[in-house]
Amino acid sequence: SSGINAEYGHYYITNNLRMSLRSLTHSLPRLQPLSRALSTTVKCGVSDSTTVKCGVSEMPLVGLGTWQSKPGEVGTAVENALEVGYKHIDCAHVYMNEPEIGASLTKVFGKGVVRRDEVFITSKLWNSAHRAEEVVPACEKTLKDLQLDHLDLYIIHWPIAFVPGKGPFPMDEDDVTIMDPKNPKFEETWTEMEKLVESGKCKNIGLSNFNIEQMKEVLSFAKIKPSNLQAESHPLLPNLEVLEFCKQNDMSFVAYSPLGNPGSEYRHKKQIDLLQDEDVVGIAQKHGVTPGQTLVRYQIDKGNAAIPKSVTPSRLKQNLDVFGFSLDATDMETLSNLYKKVGPKGYRTCSVAHWKHSPTHPFPEYFVR
C-alpha cells in the first residue's frame with residue numbers, strides 16, 4: 001500500500017489473505033484446512049479466543065479502561081464491568097482513582113462474583129518514579145491502593161522522566177513540566193521492574209507509549225523481556241508497524257483509546273468522531289452491531305487487546321459483546337485507511353506535545369498539532 005514501510009508489507013498481505021479465507025470457508029468447506037494452516041503460521045489477524053498470551057499469563061482481549069473516569073463513577077463502573085463478565089481491568093497511579101477501584105475490587109471479590117485469579121489487572125509506573133529507588137515503592141503504593149498482593153501486568157507509562165518528589169506533574173514558574181535532571185536510563189528503571197517480577201509483586205512487566213527504537217533499546221539489555229506494549233490505536237492511528245514489531249518480539253499489544261477518544265479534553269484540531277464516521281457506521285450496519293463494537297473488533301482482528309472506557313452499563317455490555325462476528329478484509333482495509341482523512345500519518349489524541357522538551361519524547365513527529 002502507498003506510504004507503508006516495505007519492511008511490514010507482508011503484514012497487510014497475510015492479514016488480508018487470512019481474513020478473506022476465513023470468510024470463504026463458510027461457503028467453501030474445502031478451504032478450511034488452508035485457513036487453519038494459515039491461522040497457525042501467521043501471528044496476526046482474527047482470533048477465535050477471548051484471550052491473548054502476555055508473558056506467563058493469558059490476557060483477556062477486552063478490558064475496561066479507567067483513564068478519565070471520574071471519582072465516584074469509576075468504582076461503580078468496575079463493579080458493573082466485573083458483574084457483566086469483564087476479566088481485564090486497566091489502571092494507573094496517575095489516573096488518581098486506584099483507591100476507589102481497589103475498594104470496588106475487594107467488594108466484588110468478597111461477594112464471590114469473580115475470583116481474583118480470574119481477573120487480569122494492569123497498572124503503570126508514573127513518570128516521576130523512574131529512578132531506581134522510586135520504582136519498587138511506586139508499585140507497592142499501587143498494590144496498597146488497589147488492595148492487591150500482586151499485579152498481572154505492570155508497565156512503564158511513558159519513556160519520559162519527571163523530577164521526583166514534587167507530585168505527579170511538577171511544574172516550574174512558567175507552568176512547564178520539570179523533567180528529571182538525572183534523566184534515568186531505561187536500563188536503570190527496567191532493572192527495578194525486573195525485581196518486581198522476581199519478588200512476586202508482578203507477574204509480567206511491559207511498556208507503554210514507547211516507540212520502536214526505544215523498545216529495541218529495552219530489549220537489548222532486558223533479562224526479563226517486556227511482555228506487552230500499550231499504545232494509542234484506532235483507525236485514525238492504526239499503528240500497524242508498531243504492532244508488527246511487537247508480534248515479531250512476542251509482545252502482546254493493548255490498544256488504548258480504541259474508540260478514538262470521543263469527547264475527550266485531549267482533542268486534535270482535526271478530530272473526527274469515529275462513532276459517527278460514515279465508513280465506521282456503514283461497516284457496523286453491515287454486521288448488525290454498533291460503531292463502538294466495530295472499533296473494538298477492529299483491534300481484535302488485528303491481534304490486539306483493547307481497553308475501551310465506559311461508565312454506562314449498557315455500553316459496558318456492548319463493548320464486551322464483540323466475539324459473535326468478525327470483520328472481513330474489505331472492512332479492515334477501509335478502517336486501516338481512515339487515517340488518510342486527517343493527514344498522511346493520522347493523528348494522536350494523546351501526543352503529549354507539552355512534554356516535547358523531554359530528551360526521550362517518543363513522538364517528536366507529532367509536535368505540530
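Modeller: Helices (H or I, at least four residues) and strands (E, at least two) are DSSP runs, numbered from the N terminus. This is a predicted model, in which local features need pLDDT of at least 70 and side-chain atom pairs count only at pLDDT 80 or more, while totals for chains, interfaces and linings use all residues. Residues are numbered from 1 along each chain as its sequence is written, and side-chain values use heavy atoms, with hydrogens and water left out.

Colleague: Where does Asn239 lie, and why is Asn239 called buried?

Modeller: Asn239 is placed in the loop between strand 8 (228-232) and helix 8 (240-248). Buried means under 20% relative accessible area, exposed over 50%, and partly exposed in between (1.4 Å probe, protein chains only); Asn239 has a relative accessible area of 12%, so the residue is buried.

Colleague: What makes Gln147 count as partly exposed?

Modeller: Gln147, in the loop between helix 5 (132-146) and strand 6 (153-156), has 44% relative accessibility and therefore counts as partly exposed.

Colleague: How do you know that Met96 counts as exposed?

Modeller: Met96, which is found in the loop between strand 4 (88-90) and helix 4 (98-111), has a relative accessibility of 53%, so Met96 counts as exposed.
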